[in-house]
Amino acid sequence: MTPNQIRARLVEKGSSYRQFALARGYEPRNVTQVVARWAGAQRMPNGRLAFAILRDLSEEIGADVVPGIRQIASAQ
């Protein structure tokens, strides 16, 4: 997914990157940076914070931001 597709899914749910970040306890800037860097990437992020943000964001919008992240997150 592209950052714009993710933003559109959040808007459909009446949310935004900022509202998502604050509701989940993340810094809004971190969320936008992680999405800009990892959205649509074919590999998983190495960092715990980036992985957590992408996992929570994928659960929020109901689609994988990075392919396979929801399956990996549920296996842990």
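## Basis of the description

Helices are DSSP runs of H or I with at least four residues, strands are DSSP runs of E with at least two, and both are numbered from the N terminus. Ser-15 has its place in the loop between α1 (3–12) and α2. The structure is a predicted model, in which local features need pLDDT of at least 70 and side-chain atom pairs count only at pLDDT 80 or more, while totals for chains, interfaces and linings use all residues. Residues are numbered from 1 along each chain as its sequence is written, and side-chain values use heavy atoms, with hydrogens and water left out.

Thr-2 lies in the segment before α1. With a relative accessible area of 39%, Thr-2 is partly exposed; buried means under 20% relative accessible area, exposed over 50%, and partly exposed in between (1.4 Å probe, protein chains only). Thr-2 and Ala-41 are 39 residues apart in sequence, and their C-alpha atoms are 9.3 Å apart in space.

Ser-15 counts as buried, at 15% relative accessibility. When neighbours within four places in sequence are left aside, Ser-15 is in contact (heavy atoms within 4.5 Å) with Leu-10 and Phe-20.

## Packing of α2 against α3

Two packed helices are described by the angle between their axes and the distance between the axes. Helix α2 (residues 17–24) and helix α3 (residues 28–38) pack at an angle of about 120 degrees, with their axes 8 Å apart. Axes are lines fitted to C-alpha atoms, for helices over the stretch in contact, and angles run from 0 to 180 degrees between N-to-C directions. The angle makes α2 oblique to α3; angles under 35 degrees count as roughly parallel, over 145 as roughly antiparallel, 65 to 115 as roughly perpendicular and the rest as oblique. On the side of α2 the contact is made by Tyr-17, Arg-18, Phe-20, Ala-21 and Leu-22, and on the side of α3 by Pro-28, Val-31, Thr-32 and Val-35.

Arg-24 also belongs to α2 and, at 35% relative accessibility, counts as partly exposed. Beyond residues up to four places away in sequence, Arg-24 touches Asp-56, Glu-59 and Glu-60. Arg-24 and Leu-54 are 30 residues apart in sequence and 12 Å apart in space, C-alpha to C-alpha.

## Packing of α3 against α4

The axes of α3 and helix α4 (residues 48–61) cross at roughly 85 degrees and come within 10 Å. The two helices α3 and α4 are therefore roughly perpendicular to each other. Asn-30, Val-31, Val-34, Val-35 and Trp-38 of α3 make this contact with Leu-49, Ala-50, Ile-53, Leu-54 and Leu-57 of α4.

## Aromatic rings

The structure holds one aromatic pair. The ring centres of Phe-20 and Tyr-26 are 6.3 Å apart and the planes stand at 35 degrees, so the pair is tilted. Rings of Phe, Tyr and Trp (its six-membered ring) pair if their centres lie within 6.5 Å; planes under 30 degrees apart count as stacked, over 60 as edge-to-face and the rest as tilted. Phe-20 is buried at 3% relative accessible area, and Tyr-26 counts as buried at 13%.

Tyr-26 is found in the loop between α2 and α3. Residues up to four places away in sequence not being counted, Tyr-26 touches Phe-20, Ala-21, Val-31, Leu-49, Ala-52, Ile-53 and Asp-56. Of these, Ile-53 is 27 residues from Tyr-26 in sequence and 7.8 Å away in space, C-alpha to C-alpha.
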